[in-house]
Each structure stands twice: as C-alpha cells, then as structure tokens.
Amino acid sequence: MSEFDLVSADRRRLLVGGTWREASGGGRFDVIDPADGSVLTDVADGTLDDARSALDAAVAAQADWAATAPRERGEILRRAFDLITERSDDFARLMSLEMGKPVAEAAGEVTYGSEFFRWFAEEAVRIHGRWMNAPAGNSRLLTVRKPVGPCLFITPWNFPLAMGTRKIGPAIAAGCTMVVKPAGQTPLTMLALADLLGEAGLPDGVLNVVTTSDSGGMSETLQADPRLRKVSFTGSTGIGRVIVRQSADQLQRVSMELGGNAPFLVFADADLDAAVDGAMIAKMRNMGEACTSANRFLVEASVAEEFGAKLAERMAALTVGRGQDEGVDVGPLIDEKAVTSVTELVDDALQRGARALTGASAIEGEGFYYPPTVLVDVPADAEVVRNEIFGPVAPITTFETEEEAIAAANDTEYGLASYAYTRDLARTIRLAERLEFGMLGLNSGLVSNPAAPFGGMKASGFGREGGFEGIEEYLETTYVALPAG
Ligand code: NAP
C-alpha cells in the first residue's frame, strides 16, 4: 500500500454527515512537501456554507450519539486504535510526507496519537455522577454528567495525528459530535483518520471534517452559531486569543492548547550525561517544532561549558535530510517562513554576543532546512530566549543559584512544559511547587503521555488533554436536589 492509498482522491474532500463531497464552490488548495517545496497533492477548499453544513450534520447527530451506550462508543474507539496500529507504517509515511518529520519519528507519533483512542475507549465507560447526603442531612444531592454538545476542533500542523486524537478521543467517549478543521498544511492525516473512524463504526455526522484555506472565516462563522457549544484549539497563542474572544458572544466552552517557552534546567549535581540525553529529546523531538520543545537551557555556571560541549557534539552528529530517507534524524521545517523566523532569532543572538558551537546558518538549496544549532553565552534579553523558537536551536544561558534559576525559568508569559535535571530530592519538591508550568519533566526529557493531563497555564492556555482530566472538557454537570426519603 502506498501512502496515498490511505487518502484516495475521493477522500481528499470534505466529510459532512457521513458523505465525502467536494467543496460547494468547487475550490481546492495544494498540500506542499516541505522536503523540496513541490506540490504533493490537493484537497477540497471548504467554504463558509460547507462549514455551516458540517455543523448542521453535527447538530443533527448529537442527540442519538449522546444516547448511544458508553460501551459502544468505547468499542468504536478501541477498533479505531487497532486499525491505526495495523496501518502504523502508512500513517507514519503519510505524516512524514506532508509535515517533514522523519518516518521513525512519525511512527512514534502514530503510537502516541493512537493511544489516546485506547485510553478514552477505557474512559467512556467510567463517566459517573455522585449521590451525596447534604451536610444538614435533610436532602440528597445527585449529579448527572452529560456531553457538552457539538464541538469545533482546530488543530495545528506539527502533530497532524496526535493533536486530533487528543480531542476526538474524549469527545467520542463523552458523546459529543464535532466539526474538525485540520491545519491547511497537513490535512491528509486527518482525512485518513476520519475515513478510518467510519470503518471503525462511527455513525454518520458524529465527526465532520472541513479542510479550508479560510480558517479565520470558518471559526468566526461557526462560533457565532449558538448551536456550537465548545471549541478546542491547539495552535499559537495569538490565534488562541482570537478564538477566545470569538467565544464570548455565545459563551462557548473553550480549551486552549497554545504556545510554550519551556525552560530546561540543569543543576551542577545532575547526571550530566542523562541531562544531555534528556536535552536531545526535549529539544529535537519533531525538529524542535513542538510546543513542549525545550526553548531555553538554563545551566548552572560550573557545568555549563561541559554540558554545552556534550550537547553540541550530539547535535552536530545528527543527519539532516528528507524525512523518508534512511538514516535521517532531522527533517525540513514546515515552510520558508519557519526557516526565516529561526534564522532571525539565531542572528539576533549572535549579534548580541552569543557564540555558536554548531549550526547557525540555514541550509541552501530546495526544501526548508535548518541545521541543529547550539548557542552559548546567550544574553537573557536575546529574542531566541524570549520567543518560541520552533526549530532545532538550543540556546544556553547560565545561573549561579537555584533562586536565580527558578526566577529566570518563570520569567515568561508562557507556562506549558518545563524540565529539570538534579539529584537533590528536596530541590525536586521545591521545583514542582514553584515552577509556573502545567508540566514538569524531572530528570526526563519527555512529558507527553496519553494517561497524563497535558496542558498549560498563563499564555499557554487552559484545559487539559489526556489523563482522567481529558474527558472533563467534554462533559457538563446537572445537579439534582432531592428531599430526603
Ligand atoms: P496556528 O497558526 O495558530 O494554527 C493552528 C490552527 O489554527 C491551524 O489549523 C490554522 O489553520 C488555524 N487558524 C489559523 N488562523 C485561524 C483563525 N483566525 N481562526 C481559526 N483558526 C485559525 O499555529 P501553528 O503554526 O499551526 O502551530 C504552531 C503553534 O501551535 C505553536 O505556537 C505551538 O506551540 C502550538 N502548539 C501547542 C500545542 C499544545 O498542546 N499546547 C501543541 C502543538 C502546537 P491554517 O494554518 O490552515 O490557517
């Protein structure tokens, strides 16, 4: 099977009410291969009318879907998990093609992304309310959990599968219907996933997919509709703010998984080799194009030189190239704009006195490549440590005391992931309590896990995906007051 058998021509269209159809205006837009800038294929360009039809279908399907037995909802998810697992290689190659990441890395995302379906298959049958004796003893309090209702999901290009399954899984488990708008740069994985969910038995209209080049128009139109009850968005903080504003008129529930600026703290008492291993994962997963990516390395001054040298050696040894080629560790960035943005951040740091131990200039030729880069002597006011880099660049700054390290780590508007390497147990407790981030990897470079509550605070958003918390985003509570018998 080739990667495009997963997304045949009749699936590169809109899915509305169980029917795959062309956009009402007949328009299409291209999907680009970031490895060389060529056109991979095209998909239907949904209009605002198509978006309204998709919401009509979600609304029409809502009541029956909410009444479907939890076990049945769970088993659909479980079948979908099995089907994704069977087709893991095809999904990995497809994702690699449209997004650029190496196939082996994409296979990791297939495992991670599909696990949300298995996890929420298990959660679907564990939605429960409570029965409680009121404190005064004269009444009983009962709570009933209900699905929120039709949802809009907007997902980014960096994890084309997992950012979808993190929302679709709990929504299916809770009994919500949905309209999904994948990123225009990576729509193919979502189309393949939607097709697979139909095969797994998901009823028509529960999941509708609209690909469009008019994301702003679509979110504005659907959010103005009182029938839409929830928006879950993963993407940049700037667009997240727009969506939260748009939610105000209809008072829609919102979940926001936004940008990050993760600090990676290395204390002098840490196992430095383990810290370098963790740094490679936290920095280089997805070529640095991850919201959880280590964005600033804060290293205790006495070990900074050794840590920098070891990290630079590992980064310089990585092979950059087309994600589908054998032996490639680092694929292209998503587009030309991404290369320009990373280049500007690195150049700014160099102008302010930073030194590059490896990398630091874009790779000429076709495709959107930037080499793994390590910068030392980076001043605290450099743009590269103030902004989300979204590329394979590791800027290192130093600190003298724990107090200084915590203050520097918290000195950002973001609050998503953070990392710390230390062997001091008392310090790990202080860090867990004082770092203002939704997630902390302690002696670990990876925080993502479908069984854990993923999410941020401050400008990184609100709401949690995964864990026991993930399904709460899709449930309402009705409290029933009863007199004592
Ligand atoms: P983005 O530009 O904000 O786009 C995200 C999604 O929003 C895409 O589907 C995009 O569609 C759509 N969009 C763009 N403008 C919109 C508008 N006005 N109304 C509604 N939707 C709109 O972000 P990105 O560049 O794709 O993704 C990178 C960002 O996502 C980074 O900041 C990263 O940290 C964040 N992220 C966060 C998490 C998390 O869990 N916290 C996970 C992954 C990524 P089009 O591109 O097709 O227009």
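Analyst: Happy to. Two strands are taken to pair when DSSP finds at least two bridges between them. Please keep in mind that the model is predicted.

Let's begin with the sheet ordered β5-β6-β20, an open sheet of 3 strands with antiparallel pairing. The edges belong to β5 (131–133) and β20 (475–483); each has a single partner strand, so one side of each is left without a neighbour in the sheet. From one strand to the next, the twist averages 25°. Between β5 and β6 (residues 139–147), 3 bridges hold the antiparallel pairing. To place one of the residues, W131 has L142 of β6 as its bridge partner.

Next comes a parallel pair. Strand β7 (residues 151–154) is joined to β8 (residues 178–181) by 4 bridges, and the two run parallel. L152 has its bridge partner in β8, namely V179. In a regular strand the side chains alternate between the two faces of the sheet. β7 shows which residues go which way: C151 and F153 point to one side, L152 and I154 to the other, and all of them are buried.

Now for the open sheet of 7 strands, whose order is β14-β15-β16-β13-β12-β17-β18 and whose pairing is mixed. Here β14 and β18 (439–442) are the edge strands with a single partner strand each, so one side of each is left without a neighbour in the sheet. The twist in this sheet averages 25° from one strand to the next. Within the sheet, β12 (residues 262–266) and β13 (residues 294–300) pair in the parallel sense over 5 bridges, and P263 stands opposite R296 of β13.

Two helices pack on this sheet. Helix α11 (residues 336–351) touches β14, β15 and β16 (393–399), and its direction makes about 25° with that of β15. Helix α13 (residues 402–410) touches β12, β13 and β16, its direction making about 170° with that of β13.

Most residues other than glycine have a negative phi, and most peptide bonds are trans. A360 has a positive phi of about 90° although it is not a glycine, and it lies in the loop between β14 (355–358) and β15 (373–376). D377 also has a positive phi, about 55°, and is not a glycine either; its loop runs between β15 and α12 (383–386).

L272 is found in helix α9 (residues 272–284) and is buried, with a relative accessible area of 10%. Leaving aside neighbours within four places in sequence, L272 is in contact with V266, V303, E306 and F307. L272 and E306 are 34 residues apart in sequence, yet their C-alpha atoms are 8.4 Å apart in space.

Finally, here is a helix pair. α2 (residues 70–86) and α6 (residues 188–199) pack with their axes 9 Å apart at an angle of about 125°, and are therefore oblique to each other. The crossing is right-handed. A80, L83 and I84 of α2 meet L193, L196, L197 and E199 of α6, a contact that divides into 6 nonpolar residues, no polar and 1 charged.

Definitions and conventions. Residues are numbered from 1 along each chain as its sequence is written. This is a predicted model: local features need pLDDT of at least 70, side-chain atom pairs count only at pLDDT 80 or more; totals for chains, interfaces and linings use all residues. Side-chain values use heavy atoms; hydrogens and water are left out. Axes are lines fitted to C-alpha atoms, for helices over the stretch in contact, and angles run from 0 to 180 degrees between N-to-C directions. Angles under 35 degrees count as roughly parallel, over 145 as roughly antiparallel, 65 to 115 as roughly perpendicular and the rest as oblique. A crossing is left-handed if the near helix is turned anticlockwise from the far one by less than a right angle, and right-handed if clockwise. Contact means heavy atoms within 4.5 Å. Ala, Val, Leu, Ile, Met, Phe, Trp, Tyr, Cys and Pro count as nonpolar, Asp, Glu, Lys and Arg as charged, and the others, Gly among them, as polar. Buried means under 20% relative accessible area, exposed over 50%, partly exposed in between (1.4 Å probe, protein chains only).
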